[in-house]
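Please have the sequence and the model open before you as I speak.

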Amino acid sequence: MTRSVVITGVGAVTPLGVGARTLHERWSAGVSGIEDGFGRASEFEPKDHLSTKEVRRSDRFTQLALAAAQEALEDAGWDGGAPYDPERAACVIGTGIGGIGTLENQHIVLREEGAERISPLSIPLLMANAASGVVAMKHNLRGQSFGTVSACAAGAHAIGQALRMIQNGEADAVVTGGAEAALADVAIAAFAAMGATSESGISRPFDARRDGFVMGEGAGALVLERADAAEERGAEPLAHLLGYAATSDAHHLTAPEPSGRGAARAMELALKDAGIAAEDVLYVNAHGTSTPLNDRAETNAIKTALGEELAAKIPVSSTKSAIGHLLGAAGAVEAIATLLALRDRIAPPTLNYGEPEDGLDLDYVPNEARPLQNGDVRAIGLSNAFGFGGHNAVLCLEAS
Amino acid sequence: MAVTATREEIESRVFTALEEFGAESDQINPDATFESLDIDSLDLVELAQIVEDEYGVQLKGEDMEDVKTVRQSVDLVMSKLA
């Protein structure tokens, strides 16, 4: 029998502020965290959350992860330490790039001052697994700990992997999520060079005028627990993590397969894993990057996975319209946004939407939040995350 | 190129560095061990870089091996300067 898994705590640091509920409330109110073409987590002051030593010994992406994890653990009622045997508590945190700010700064040191002046902390700060290692160390999580690396699907892959660990009996609880702080000159220039980012600096997913994604930074963390164990300790679950699936396009280094076939298969398999039908889906939190290619392929994928008729009725919105693209953190932050939207039974809006494009004809919840179907129906949603490399990861959640 | 510095100056610079590394300022004194200040080998490499920048003396890994207290680190810099 498959073990049921619940989410008991969430935490997020995003361009909309510090706190998962802050993200949900501000996005739902139509507030944008994007300024001057970037989604900076400008309200995050590391020293408010971390000791001097922690700040010095972590790249910004790890600092964001530490703050998000702290919030999630307090939310789950773990303030006094893990309510589990530490060896049965795991930690999986994804990132797209890792500590690129550290790498960039140390490269400047290398060029200008020489190899002797490189910080001995360079590698431990920039390594992509630093967030999971440091969060595990801080909270004494002694089960499996590692990072997932799948570009903009990394956060969702991490959560999916955490789900499987509990289902497989390898852990009783997992602190999971994603973190990214890639607003470094080299990354900004490189995304621009490949034409992936928006020249206008406006994130407008699914709109005919969309011209690329807006880079953002942040972190999202979730506490997953075996449902029976959570119940035993008297925890109030926020949601059930019903299902997960991941596929690969095997098509192109960066471009999604245009028909959305791989993404559709991930959505279909996630529904199957959750044991629900397409009719049960109340809301879809799209990957919705605001790139010409993703939003078209994803629209196709949603139609294939849910069927044209249902796809036309189910609200689909993109968190990236409000915070930009958080890359490896996106899948985690957006899973949290999905969870809180389902709990409030509200579809937050796709901001900056104005001009429809032929074939992009789903209900994208333009510009204003809308209530989701209320009453007896289960509050079930999908959260999509796709990444360069052709990675597709989809989570299926049900608000408790 | 070594420069001249008094013991007090070196000690003061080491104290400041340790504080920047995250050691509690009220715990920092000549007799404190690095272990008690939660200062590890990665911090000590950085301390050696600072000392080299400031005083022009090179502290190698083997020099640092037996350095367990703040005073010993200041002694080491003094001996290199002499």
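Predicted model: local features only at pLDDT ≥ 70, side-chain atom pairs only at ≥ 80, totals over all residues.

Residues are numbered from 1 along each chain as its sequence is written, and chains are lettered from A and ligands numbered from 1 in the order in which they are written.

Let us begin with chain B. It contains 4 helices and 0 strands; helices (H or I, at least four residues) and strands (E, at least two) are DSSP runs, numbered from the N terminus. Along the sequence, the pattern of chain B is therefore α-α-α-α. The radius of gyration of chain B, taken over C-alpha atoms, is 11 Å, close to the 12 Å that the globule rule gives for 82 residues, so chain B is as compact as a globular protein of that length. That rule is 2.2 Å times the number of residues to the power 0.38. The C-alpha atoms of chain B fill a box of roughly 30 × 25 × 20 Å along the principal axes.

How much of chain B is buried? Of its 82 residues, 26% are buried. A residue is buried if 20 or more other C-beta atoms lie within 10 Å of its own, exposed if 12 or fewer, and partly exposed in between, with C-beta atoms placed from the backbone. As an example, B:Val45 sits in helix α2 (residues 41-55) of chain B. B:Val45 counts as partly exposed because it has 16 C-beta neighbours inside 10 Å.

We turn now to chain A. It is divided into domain 1 (5-239) and domain 2 (245-399), with bounds that come from an automatic or database domain assignment. The centres of these two domains, taken over C-alpha atoms, are 21 Å apart. Their contact takes 64 residues from domain 1 and 62 residues from domain 2, where two residues are in contact if their C-beta atoms, placed from the backbone, lie within 7 Å. On the domain 1 side, α8(A) gives the most, with 7 residues.

Lastly, how many residues does each chain bring to the contact between chains A and B? Chain A brings 8 residues and chain B brings 7 residues.
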